[in-house]
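Please look over the sequence and the fold below before reading on. The paragraphs that follow go from a strand to its neighbours, and then to the pockets.

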Amino acid sequence: MTSALQTASSVEADIRLAEKMFIGGEWVAATSGRTLPVYDPADGRVVVEVSASDASDVDRAVAAARAAFAPGGSWRSLTPQARGRLIWRLADLIEENAERLAALDSIDSGKPINEMRYFDIPFSVDVLRYYAGWTTKITGETIPISYPASHGGRFHAYTLKEPVGVVAAIVPWNLPLLMAVKKLAPALATGCTIVLKPAEQTPISIALLAQLTVEAGIPAGVVNYVTGFGETAGAALVEHPGVDKVTFTGSVPTGKAIVRAATGNLKRVSLELGGKSPNIVFDDADLDAVIAGAAAAAFATQGESCIAGSRLYVQRGVFDEVVQRLAKHAASITLGRGTDPATQMGPLISAEHRDKVLGYVEIGVSEGAEVVTGGRAPQGESYAGGYFVEPTVIVNARPDSRIMHEEIFGPVVSVVPFDTEEEVLVLANNTRFGLGAGVWTRDVSRAHRMAAAIESGQVWVNCYQAADSALPFGGTKESGWGRETCRESLEEYLETKTVVVSL
């Protein structure tokens, strides 16, 4: 691990590293020379100006990735075991530089540095090590076939698993490093090459990640990094005929636009999109665990999470107690600059997004809901210029109200009473999303009934957001296509080739 002194001296240089893009093993500026500002959401100041790439820069990055993917090249010639060692070395380097990476993401996204230290960084390391172990276990099959002997005699048939090719990975701003790693790791494990495009708001940790791939010994062109706006760099990547697969995490409208744009060469697409996750509390639940879990579900990462438990359904017998205790907990959360270890919740990503979140609170009130606590931008010198929103607890929202159906993506939770299991299942499934859900009960049979009946990619019972690299992560309905982490995600980066040999 780096020392605090080393970290402090490195962060400024790490930020400057992001001024350029990493293409074909070289740090380069945008061809146009244009740049875009990156802001510190805690005070609104410009942190750095990064390259604003366009289609010509994307062409360079894709060409570098295609050259690195060429048969007989240094990347394709590596044995699976050698490739796994490089991925493991990258994990080691992230672990060794954890404080630097934590500081960068905290500055860039506003995320509390302790969340980076205790979740994002360790999980990123674990994801890489998990996929490093898969490189030697990607295999085809030998298949006995019944093709008539009259057509040529006996046959030997088998399948090969081959990398799909060049991957375009478009990374969101809420968990920049972790989301990049969740796309990078399976791409490297399967032998693909990749162009990483971070969100324009949060590019700086991905620059250091790119540098660490060099230190790990990953050949030039295998990992490329371009910065810029979604409508220019992102669109150019998605439409590029040299890209074989797009993996995207972000909003539903952008995901749908990517699907349409990918039809040019029918490239593979995997999508991890939005959510409006129900978190269901029965009256036999352990309420101490419920309050801690519901607060984390709603307010971790400033509520800027696709799996935020933003709809909290509480059985009527314990409804008042849960509302009271959750509101008290929310009011006690320490807001501040993400890099301050005392901070429990940081600022939102931008002034525009802060106003959007506060606008949803106003919409809820106009539709009859009541704010129990929060619902405002905090005042005071320590919040000046920053994009802060108080942790917010709302009650009395109508089932058909917008705040119960639209993704707010901020620290806002609506608490709704229910009476029966059947009633809450209807409420929980009444959404176009299906990413996450929670169930809190001591009744084992009920827990399994609910888990089976909820329309969601994952259901947590008596916990929330428990994650592991071996667990499939993804959603149903408009929450996306495909899964991240897990064994089955490898298939999204692989092609299956059938070989039949006449004997």
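Which residues of E7 point one way, and which the other way? Thr 193, Val 195 and Lys 197 point to one side of E7, Ile 194 and Leu 196 point to the other, and all are buried, where buried means under 20% relative accessible area, exposed means over 50% and partly exposed means in between, with a 1.4 Å probe and protein chains only. In a regular strand the side chains alternate between the two faces of the sheet. Because 5 of the 5 residues of strand E7 (residues 193-197) are buried, this strand is largely enclosed by the rest of the structure. Strands (E, at least two residues) and helices (H or I, at least four) are DSSP runs numbered from the N terminus.

This is a predicted model, in which local features need pLDDT of at least 70 and side-chain atom pairs count only at pLDDT 80 or more, while totals for chains, interfaces and linings use all residues. Residues are numbered from 1 along each chain as its sequence is written, and side-chain values use heavy atoms, with hydrogens and water left out.

Strand E6 (residues 166-170) runs parallel to E7 and is joined to E7 by 5 bridges, two strands being paired if DSSP finds at least two bridges between them. Ile 170 has Lys 197 of E7 as its bridge partner. From E6 the chain crosses through H6 to E7 in a right-handed β-α-β crossover, a term that applies if, with the strands pointing away from the viewer, the path from the first strand over the helix to the second runs clockwise. E7 is also joined to strand E8 (residues 223-225), by 3 bridges, and these two strands run parallel. Here the bridge partner of Val 195 is Asn 224 in E8. The chain passes from E7 through helix H7 (residues 204-216) to E8, and this β-α-β crossover is right-handed.

The largest pocket holds about 1100 Å³ of space. On a 1 Å grid over the protein atoms alone, a pocket is an open set of points, reached by a 1.4 Å probe, with protein on both sides within 12 Å along at least five of seven lines, and lining residues have an atom within 4 Å of a point. Of the 42 residues that line the largest pocket, Trp 173, Phe 248, Gly 250, Ser 251 and Thr 254 are the closest to its centre. Its lining divides into 21 nonpolar, 11 polar and 10 charged residues, and draws at least three residues from each of domain 1 (20-273 + 481-502) and domain 2 (278-469), with domain bounds that come from an automatic or database domain assignment.

The second largest pocket has a volume of about 600 Å³. Among the 31 residues of its lining, those closest to its centre are Phe 119, Ile 307, Gln 465, Ala 467 and Phe 473. H5 gives the most to this lining, with 4 residues. Because domain 1 and domain 2 both give residues to the lining, the second largest pocket lies between them.

Gln 465 lies in the loop between E18 and strand E19 (476-477), and has a positive phi of about 65° although it is not a glycine. At 23% relative accessibility, Gln 465 counts as partly exposed. Gln 302, in the loop between H10 and strand E12 (311-315), likewise has a positive phi, near 60°, but Gln 302 is buried, with a relative accessible area of 1%.

Key:
Grid points are joined across faces, edges and corners, and a volume is the space filled by probe spheres set on the points. Ala, Val, Leu, Ile, Met, Phe, Trp, Tyr, Cys and Pro count as nonpolar, Asp, Glu, Lys and Arg as charged, and the others, Gly among them, as polar.
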